[in-house]
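Subject: Structure handover

Hello,

Here is the structure I promised to pass on. Please open it alongside this note. My findings follow below it.

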Amino acid sequence: MHTGQCFCGEVKYEIDGELFAMYCCHCSNCRKMCGAAFTTNGSVEARAFRITHGRAIALSLRMGTRYICGECHSWVYADGTYEGTVLFPCGTLNEPPGRGIDFHCNVEFKAAWVEITDGKEQYPGFPPEERLIWRPNGD
Ligand SMILES: [Zn+2]
Ligand SMILES: [Zn+2]
C-alpha cells in the first residue's frame, strides 16, 4: 500500500498494492502542471486508487482529465492514458515507492535542456498499453 497527498495536505490518497509502472513523462501538460522539466508518474489500476481526504477538482484538458486540490491547486492525479487506469505524479507519494523508473515517454516533447542519460527505454509518444496496464488475468 502507498499513501500520498497534495502540497497543502488537504487531499490525501491511498493505493492498494504496488505501482504497475513508474516512468518519466516529458509531455508539455506534465511539465507545465508541475513546473518541472518532466514528471515522474505512477500508473495503477483505477480501482486500486482512492481519495481518503479532501476534494479534488476535475480539470478537463486536451489530453484528458486531471484532478487538483481545491485548496492549494497542486496536481494530485489524472485519468490514465488507457481506460481503467489512474496516473499520478510520484512526487506526491509520502514514502519512497521502493522501485525505480521503467521508461521515458513523450520524449519527442521533452524540454530542450534535458538530457536523458539513465539508459532506460524511451518512447517518442505514449508507450504501448502493456507498459501501463496490469492485466493479471489477461482480460
Ligand atoms: Zn492541497
Ligand atoms: Zn505527461
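How many residues does the hairpin use to join E6 to E7? The answer is two. Bear in mind throughout that this is a predicted model.

Overall layout

The protein has 11 strands and one helix. The order along the sequence is β-β-β-α-β-β-β-β-β-β-β-β. The radius of gyration is 14 Å, close to the 14 Å that the globule rule gives for 139 residues, so the protein is as compact as a globular protein of that length. The C-alpha trace spans about 40 × 35 × 30 Å along its principal axes. Of the 139 residues, 32% are buried. Take the contacts between residues at least 6 apart in sequence: 59% of them link residues at least 24 apart.

Start at the E6 end. E6 and E7 run antiparallel, joined by six bridges. Leu61 has Gly64 of E7 as its bridge partner. E7 and E8 are also antiparallel, with three bridges. There, Ile68 is bridged to Trp75 in E8. These two strands form a hairpin with five residues between them. His73 sits in that turn, with a positive phi of about 65°.

Further along the order, E3 (residues 21-25) pairs with E4 (residues 39-45). The sense is antiparallel, over five bridges. Tyr23 has Asn41 of E4 as its bridge partner.

Leu59

Leu59 lies in E6. Is Leu59 buried or partly exposed? Leu59 has 14 C-beta neighbours inside 10 Å, so it counts as partly exposed; being buried would take 20 or more. Apart from neighbours within four places in sequence, Leu59 contacts Thr65, Arg66 and Ile68. Trp75 is 16 residues away from Leu59 in sequence, with 9.8 Å between their C-alpha atoms.

The three-strand sheet

A second open sheet has the order E1-E2-E5 and antiparallel pairing. E1 (2-5) and E5 (49-53) are its edge strands, each pairing on one side only. From one strand to the next, the twist averages 30°. E2 and E5 are joined by four bridges. One of the pairs is Lys12 with His53 in E5.

The core

The largest nonpolar core holds 27 residues. Which of them have the most contacts inside it? They are Tyr23, Cys25, Phe49, Val76, Tyr77 and Val86. At least two core residues each come from E2 (12-15), E3, E7 (64-69), E8 (75-79) and E9 (85-89). E3 gives the largest share, five residues.

Leaving out neighbours within four places in sequence, Val86 is in contact with Val44, Ala46, Phe49, Tyr77, Asp79 and Gly80. Two of these contacts, Phe49 and Tyr77, are also on the list of residues with the most contacts inside the core.

Best wishes

Methods:
Residues numbered from 1 in each chain as written. Chains lettered and ligands numbered in written order. Predicted model: local features only at pLDDT ≥ 70, side-chain atom pairs only at ≥ 80, totals over all residues. Rg over C-alpha atoms; globule rule 2.2 N^0.38 Å. Buried ≥ 20, exposed ≤ 12 C-beta atoms within 10 Å, placed from the backbone. Contact = placed C-beta atoms within 7 Å. Pairing = 2+ DSSP bridges. Core = buried A, V, L, I, M, F, W, Y, C linked by C-beta atoms within 7 Å. Axes fitted to C-alpha atoms, helices over the stretch in contact; angles between N-to-C directions.
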